[in-house]
Amino acid sequence: MPPDGGSDVPPGGHTAASTALERVACMLCGREDEEPLFTKDGFQIVRCRGCGLVYVNPRLTVDALAALYHGQAISPTAYYVRTERQDEKSFAARLRLLERHHPPGSLLDLGCGTGAFSAVARARGWQTTGLDVNAQSIARCHQRGLDAICDVFPSRALAGRSFDVIVMNDFIEHLPDSGAALSAAAELLGPSGVLFIATPDIGSLMARLTGQRWLHLKPNEHLVYFDRRTIEALLTGRGFHVEYLHSVGRVRNLAVALEKVRAYGELPSRLARALVPRWLAERVNVPLNPGDEMAVVARRTC
């Protein structure tokens, strides 16, 4: 659904007020027994008392979410165009990790956004197909000569196709039903096909230290928050075996990094921006890994 790197959009956005909401059961275990954790931007973030999964409840309806994506109110294309060079560096590192588990072949890039991951993969010998709900992002993919489909996932446009690898960069946390998406992904993978996921880790030290201020808490678009235990449980229940599960970083220019500091307070952000000229901040790339995002490589077992 969202473009690549959806976790990195600067803080802000729409609240739950005057927007269509729906109550849901726990996507992982099906129970309707949760305890409140946080309230942010008018949304409640809860933890299931049965399995420990953290999710937004009530949350925006599918139609309300679609309107925000199509209106560029969340996961805006312009932001990802701005960060393409840094994203390509991040994704080159992730591809090197992925290639330790599968050599270049056919690859489905879900939530492909403006095509940064697909472009890097194609240059490394992969045959890529992207899919994203954002029409502007797909237009950018086509400008880059990439094969990309504008649709939600699962998509009828993929019926009958098979892929060696499916990639979900900053994607699964946006889905109304992550379990159904993983089942659909398993159907599209060839025998012993590999799934790569990058998603925020709510069990990380950074998430626990910052609590409600954690920058990945964006309940108008991030509907579910996994930790290492719940993501592995979800994958195992959908016919996957987890081969790799560790924290993952990314490259950002200094200007974007300083914008992200705003999640933890306006004063340190203002001081940092005052000390570093904008023109310089836009040109300096920095590797970031606060340990609050995880990369998962899982193989289809059946």
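**Figure 1. Asp-87 in helix α3.** Asp-87 is found in helix α3, which covers residues 84-98. The model shown here and in the other views is predicted. Asp-87 has a relative accessibility of 2% and counts as buried, because buried means under 20% relative accessible area. Leaving aside residues up to four places away in sequence, Asp-87 touches Tyr-80, Ala-116, Arg-250 and Arg-252.

**Figure 2. The packing of α3 against α4.** Two packed helices are described by the angle between their axes and the distance between the axes. For α3 and helix α4 (residues 116-123), the angle is about 55° and the axes are 8 Å apart. The two helices α3 and α4 are therefore oblique to each other. The crossing in which α3 passes α4 is right-handed. On the α3 side, the contact is made by Glu-84, Asp-87, Glu-88, Phe-91, Ala-92, Arg-94 and Leu-95. On the α4 side, Ala-116, Phe-117, Val-120 and Ala-121 take part. Seven residues of this contact are nonpolar, four are charged and none is polar.

Figure 3. Most peptide bonds are trans. The bond from Asn-57 to Pro-58 is cis, with omega near 0°. Pro-58 sits in the loop between strands β4 (54-56) and β5 (59-60). Phe-153 and Pro-154 are also joined by a cis peptide bond, with omega about 0°. The loop that holds Pro-154 runs between β8 (148-150) and β9 (163-169).

Figure 4. Most residues other than glycine have a negative phi. Asp-41 has a positive phi, near 55°, and lies in the loop between β2 (34-40) and β3 (43-48). With a relative accessible area of 32%, Asp-41 is partly exposed. Asp-170 is not a glycine either, and its phi is positive at about 50°. Asp-170 is found in the loop between β9 and α6 (178-188). The relative accessible area of Asp-170 is 0%, which means that this residue is buried.

**Figure 5. The protein chain as a setting for the close-ups.** The chain contains 11 helices and 15 strands. Of its 302 residues, 57% are buried. The accessible surface of the chain comes to about 12,300 Å², and carbon and sulfur atoms account for 54% of that surface. Among contacts between residues at least 6 apart in sequence, 74% join residues at least 24 apart.

Methods: Residues numbered from 1 in each chain as written. Predicted model: local features only at pLDDT ≥ 70, side-chain atom pairs only at ≥ 80, totals over all residues. Heavy atoms only, no water. Helix = DSSP H or I, 4+ residues; strand = E, 2+ residues; numbered from the N terminus. Buried < 20%, exposed > 50% of the residue type's maximum accessible area, 1.4 Å probe, protein only. Contact = heavy atoms within 4.5 Å. Areas by Shrake-Rupley, 256 points an atom, 1.4 Å probe, with all protein chains shown as cover. Axes fitted to C-alpha atoms, helices over the stretch in contact; angles between N-to-C directions. Parallel < 35°, antiparallel > 145°, perpendicular 65-115°, else oblique. Left-handed = near helix turned anticlockwise from the far one by under 90°. Nonpolar A, V, L, I, M, F, W, Y, C, P; charged D, E, K, R; others polar.
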